[in-house]
Amino acid sequence: MSGSGAIEPLSEELLRYGIEMAPVYRRLRRLVGQLGGIAILAQAGQSAPWPDHPALAAAGEALREAEETIRRASVPAEQHASHAHLRRSAADLAWVVSRLRKPAIAEAHDRTWPGTVAIALDRAYRALKWASNEALGFSLVDARQSCCCSAHAPAGTHHPPA
Amino acid sequence: MADYSIWVLEYARVPNYHLSGIIYGAHNQGYRKLPYCYALIKGNGHVAMVDVGYNHREYGEVLAKRFNVEGWQSPRHVLGKCGVRPEDVDTVFVTHSHFDHFGNVEDFPNAKFYIQEREISKFVWAMSLPERMHWMMTAVDPGDILRAVNLAKEGRLVCVEGDLPDVLPGVDLHAAYDTHTFGSMYVTVRNDGKARSEDVWVLAGDLVYVYENLEGDGSAVDVDKLYIPVGLAVGSQANLVLTTEQIMKQVGYDKKRVIPVHEERLKDEFPSSIDAKGLRLTEICLGKDQVSSVAA
């Protein structure tokens, strides 16, 4: 990996917080994408059984668990602002789930929903961005194992001609 | 005379990409430069792209520092070498939803985007699985999905179901399900406009990274040459091999007509130039009345 400067050690309290909240962060990140995908499919007129799509039910359950963990967490002082962003992100995502589960969407009676859902998803994503903390594993983009990324070769590695 | 001009434009690169990611099974065989490119198709009154690269604003620095992606230049700079502005692009074909292909949609305010519906719906499905199975959804950035939500809201996202012939005159989309990703696709350009074309180009996305995927060393299995799939298959390598056969049939088994955009040696096969920032422009073919963009 690229070289970097000295790493500041994390306090035990912060480490505990990171271990507890990193899965929540990842879950919220995943839900942003998942609900975004559902919103795309709904707008594309897919014949999914809105509002009873199983992914929505699973997303709702995942959000309830995430919100509970956020509520119960012991938050170090330096993480209060970031933690508030996580709380807001979860709240916006919960609103998106409730919106997508309204029969009015399935029946195309409510034409305002694409805009309001997009705004709420954007807000949830931005909140996650503000809560990002690489040291704690709160990373918005997981590019590991991606098709076109890799750790670069160690120094001195021979590079065969293309 | 051909209907379309086609270029492959490098916009960033990884100087040392492990060979086993490019060629399945090539473990401990060193590294190779991996250019990041998109394709530009111009003609018949259209300006189209195959993929749009990654969103450098959001995570370029992360990629640069952690993954040694370097040299990124904006679409305005890169497309400008062909006399095209991002706002001129009216159509984008998204071969798959990985962040380095589906980022940057915001830079194309006038384009209609085409993506396989299955790429989105299987992504949604994969996201609902327990986290221990989330290998299936690496390299997809939720931010890119959100930008696609906005595209859909604006009526600029078309979810394609399967093959779609003549999405533009002479340009066809071909589904390649459960290969590199769940809903990958590739693009063919029938440059003589004929149904049974003798002038077909295939823009393969990440279904083919380099020439060895089309004609690799088969000595291990006592054949001269064989298809060797790319390293990453969320679907299967078997499906990648079967799709490669479909692709080669499209071009009458003339592998030069399959354009792997990650292939550095395109410059050896087609007229190319390198700009002051070290980025390559490769000119695959020129359409009617189109002046070459490759410096003499």
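How many of the 13 residues of strand S2 (residues 31–43) of chain B are buried? I looked this up in a predicted model. I found 12 of the 13 buried, so S2(B) is largely enclosed by the rest of the structure.

**Partners of S2(B).** I went through the strands that pair with S2(B). Strand S1 (residues 4–18) of chain B pairs with S2(B) in the antiparallel sense, over 12 bridges. In that pairing I noted Ala12(B), whose bridge partner in S2(B) is Tyr36(B). S2(B) also runs antiparallel to S3(B), and five bridges join them. Here Leu40(B) has Met49(B) of S3(B) as its bridge partner. The hairpin of S2(B) and S3(B) has two residues between the strands, and Asn44(B) in this hairpin takes a positive phi near 55 degrees.

**Gly53(B).** I then followed the chain into the loop between strand S3 (46–50) and helix H2 (56–67) of chain B, where Gly53(B) lies. Is Gly53(B) buried or exposed? I count it as buried, because 25 other C-beta atoms lie within 10 Å and the cut-off is 20 or more. Leaving aside neighbours within four places in sequence, its contacts include Tyr11(B), Tyr36(B), Tyr38(B) and Asp100(B). I also checked His101(B), which is 48 residues from Gly53(B) along the chain; their C-alpha atoms are separated by 4.5 Å.

**Open sheet in chain B.** I recorded an open sheet of five strands in the order S7-S8-S9-S10-S13, with mixed pairing. Its edge strands are S7 (164–168) and S13 (258–259) of chain B, each pairing on one side only. S7(B) pairs with strand S8 (residues 171–177) of chain B in the antiparallel sense over two bridges, and Leu164(B) has Leu173(B) in S8(B) as its bridge partner. Helix H8 (residues 237–250) of chain B lies across S8, S9, S10 and S13 of that chain, and runs at about 150 degrees to S10(B).

**Helix H1(A).** I turned to helix H1 (residues 12–43) of chain A. Its 32 residues reach 46 Å from the first C-alpha to the last, close to the 46 Å expected at 1.5 Å a residue. I did find a kink of about 40 degrees at Met21(A), shortly before the proline Pro23(A).

**Core.** The largest nonpolar core has 136 residues, and Leu121(A) and Ala39(B) have the most contacts inside it. H1(A) gives the most to this core, with 13 residues. I listed what Leu121(A) touches beyond four places in sequence: among them are Val32(A), Leu35(A) and Val96(A), and also Leu146(B) and Val149(B) of chain B.

Terms used: Residues are numbered from 1 along each chain as its sequence is written. Chains are lettered from A and ligands numbered from 1 in the order in which they are written. This is a predicted model: local features need pLDDT of at least 70, side-chain atom pairs count only at pLDDT 80 or more; totals for chains, interfaces and linings use all residues. Two strands pair if DSSP finds at least two bridges between them. Helices (H or I, at least four residues) and strands (E, at least two) are DSSP runs, numbered from the N terminus. Two residues are in contact if their C-beta atoms, placed from the backbone, lie within 7 Å. Axes are lines fitted to C-alpha atoms, for helices over the stretch in contact, and angles run from 0 to 180 degrees between N-to-C directions. The expected span of a helix is 1.5 Å times one less than its number of residues. The bend at a residue is the angle between axes fitted to the seven residues ending there and the seven starting there. A nonpolar core is a set of buried Ala, Val, Leu, Ile, Met, Phe, Trp, Tyr and Cys residues joined through C-beta atoms within 7 Å.
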